[in-house]
Amino acid sequence: MNDLAQLLQSAQAEFAQASTPADLENAKARFLGKSGQVTELMKGLAALPVEEKKTRGAEINQLKQGIEAALNARRQALADAELEKQLKAEALDVTLPGRQRGTGGLHPITRAMERIEAIFGSMGFDVADGPEIETDWFSFSSLNNPENHPARSMQDTFYVDMKDEGGRWFNLRPHTSPMQIRYAQAHAKRYAGQDTMPEIRVIAPGRTYRVDSDATHSPMFHQVEGLWVGENISFKDLKSVYLNFITAFFETDALQLRFRPSYFPFTEPSAEIDIMFETGPLKGRWLEVSGAGQVHPQVIRNMGLDPERYIGFAFGSGIDRLAMLRYGVNDLRLFFEGDLRFLSQFK
């Protein structure tokens, strides 16, 4: 028994000195391996008498269990030490402020567009949307633009490398007016043959494209156009609708509205709409916000309607410009640069 007790102590001492799992496995092999000391003792049992073999075998088994217990204890101690080392290396300072994941928000142009849709929706206007790649007819001819109109030139309009059935180039729409024509045509077709037709009331907000870029212009910009056509729609209705819209959009009655005579091929008579704020940093300055007018008879015909019976008005406003005035932004390019320091103000 003394030799077995010494062997157990020797194993415990070697296991305790092992500083890595590899060292521990090497020490294990010296005691429990194929040629280990405990294995050799087991092999020596064959030469003993039967009675002595039983006693000696039980003692050796007890020794083996003691060595395995010491081995497992040292394995666990080494694993715990490694874990502690990792935890210290990856320690977190729980006194630091927590890190929060930021929440997104609507872009100011999107906010302005949704506000415009809600205001006109409250006045009974539908919202129309359509293709951004348009035909020459919908972009120009249907709107009474002559063949030599400057807007058709390559300097003002983006063209696409495709042609329509008439051999004319498709274009990136320079305004959302094509949706007025598309909507009105569908409306006229829906009520064709009936004695009365409900009035056409629609706005067309969306992206538009022109060759222009500076602090107040962008090659891609946003526009909203409105159309109201019926049997007895006048400039009085245009003024009333636009004044109600502009006061609701800016949330103030402290502004004035004026119409200046102008020219557009798709309206006759035509006017520019200006506003002037009576308070705030823009107090006293007239600012152009829209082009408008009575829809030209030829455009009414292109809608599929009789200009002798139907009349109406149309207007077009830059959503980006309205957003600049509402939020006090002096450079249009800020809306499109993606600077979170700027955009985070509108959450």
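The model is predicted, with local features needing pLDDT of at least 70, side-chain atom pairs counting only at pLDDT 80 or more, and totals for chains, interfaces and linings using all residues. Residues are numbered from 1 along each chain as its sequence is written, and side-chain values use heavy atoms, leaving out hydrogens and water.

Let's start with the backbone. Most residues other than glycine have a negative phi, and most peptide bonds are trans. Against that background, take Asn144, a non-glycine residue whose phi is positive, near 70°. Asn144 sits in the loop between helix 6 (136–139) and strand 3 (159–163); helices (H or I, at least four residues) and strands (E, at least two) are DSSP runs, numbered from the N terminus. Asn144 has 26% relative accessibility, so it counts as partly exposed. The scale here is relative accessible area: buried is under 20%, exposed is over 50%, and partly exposed is in between (1.4 Å probe, protein chains only).

Further along comes Glu251, not a glycine either, with a positive phi of about 55°. You'll find Glu251 in the loop between helix 8 (235–250) and strand 7 (255–264). Its relative accessibility is 57%, so Glu251 counts as exposed.

Next up is a peptide bond to look at: Glu268 and Pro269 are joined in cis, with omega at about 0°. Pro269 belongs to strand 8 (residues 267–277).

Finally, go to helix 10 (residues 319–327), where the buried residues are Ile319, Asp320, Leu322, Ala323, Met324 and Leu325.
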